[in-house]
Amino acid sequence: MKKIHLVNITLPDKNSFLTSRRKSTVSLGNDLSLIFSSIKAASSFLAYVNTELNFIALVLNELYIEVFSHSRRLWLSLDGRYSDERQIKDGFKSFEASFNMAYSRCESPNGNTFTFRHLYAAIDDLIKVVDLLVYLQGERGNYTEKKVLQALIYRLNLVKNDLDKLGKDKVLSE
């Protein structure tokens with residue numbers, strides 16, 4: 001099974017004059033940077049983040065499947081609307097590239113930051129596709145389907161918020 005596995009912990013510099021540099025640091029792509037008194041505590045936090053990121057990626061993949069299904073149902077009515085069809089295809093292609101990069105680059109030197117950046121980009125790509133689907137369903141007068149798609153945008157924004165908050169609850173509990 002594919003997994004997101006962040007590994008980057010800034011190790012302590014025992015020779016530093018700054019107290020904060022004598023401790024381990026974990027920085028994430030959601031603008032969170034935490035200082036830990038031990039490498040073990042930093043590793044434990046990173047394990048928690050990896051578990052949560054994998055869950056977020058699983059939810060995002062399920063939402064992608066749902067959005068793709070909606071787009072295929074609408075596909076038959078896109079006769080002669082090649083630019084809309086192209087935008088949908090390009091949006092999915094961009095989503096897949098960003099989503100795959102989140103997995104493939106997570107262990108790189110800047111993986112803690114880039115994994116978040118790629119997941120944010122993937123979410124934004126899906127939101128753009130769903131926005132277009134909402135517009136097209138509105139044009140067709142299919143308001144029930146339009147509301148279902150708007151609920152998908154709401155769920156995608158919830159995933160984005162979870163990504164924003166990831167790890168910040170640990171700051172409050174320590």
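1. The crossing of helices H3 and H4 is left-handed. Left-handed here means that the near helix is turned anticlockwise from the far one by less than a right angle; clockwise would be right-handed. H3 and H4 pack with their axes 9 Å apart, at an angle of about 165°. Axes are lines fitted to C-alpha atoms, for helices over the stretch in contact, and angles run from 0 to 180 degrees between N-to-C directions. H3 and H4 are therefore roughly antiparallel, a label for angles over 145 degrees. By class, their contact has 16 nonpolar, four polar and six charged residues. Ala, Val, Leu, Ile, Met, Phe, Trp, Tyr, Cys and Pro count as nonpolar, Asp, Glu, Lys and Arg as charged, and the others, Gly among them, as polar.

2. A word on the basis. This is a predicted model: local features need pLDDT of at least 70, side-chain atom pairs count only at pLDDT 80 or more, and totals for chains, interfaces and linings use all residues. Residues are numbered from 1 along each chain as its sequence is written, and side-chain values use heavy atoms, with hydrogens and water left out. Helices (H or I, at least four residues) and strands (E, at least two) are DSSP runs, numbered from the N terminus.

3. Next, the charged pairs. The whole structure holds six salt bridges, each a side-chain nitrogen of Lys or Arg within 4 Å of a carboxyl oxygen of Asp or Glu. One of them joins Lys160 to Asp124 (2.5 Å, N to O). The pair links distant parts of the chain: Lys160 is in H4 (residues 143-165), Asp124 is in H3 (residues 111-140), and they lie 36 residues apart. Lys160 is partly exposed at 21% relative accessible area. Asp124 is partly exposed too, at 28%. The cut-offs are under 20% for buried, over 50% for exposed and in between for partly exposed (1.4 Å probe, protein chains only).

4. Helix H2 (residues 82-104) contains Glu85 and Lys89, four residues apart, so about one helical turn separates them. Their side chains meet in a salt bridge (3.9 Å, N to O). Which partner is buried? Glu85 is, at 15% relative accessibility. Lys89 is partly exposed at 42%.

5. Asp90 and Arg86 form a salt bridge as well (3.0 Å, N to O). They too are four residues apart in H2, so the separation is about one helical turn. Asp90 is partly exposed, with a relative accessible area of 36%. Arg86 is partly exposed at 44%.

6. Now the strands. E1 (residues 24-27) and E2 run antiparallel and are joined by four bridges; two strands pair if DSSP finds at least two bridges between them. Ser24 stands opposite Phe36, and Thr25 stands opposite Ile35. E1 and E2 form a hairpin with five residues between them. Asp31 in the turn has a positive phi of about 65°.

7. What lies on each face of E2 (residues 33-36)? Leu34 and Phe36 make up the covered face. Ser33 and Ile35 make up the uncovered one.

Methods:
Angles under 35 degrees count as roughly parallel, over 145 as roughly antiparallel, 65 to 115 as roughly perpendicular and the rest as oblique.
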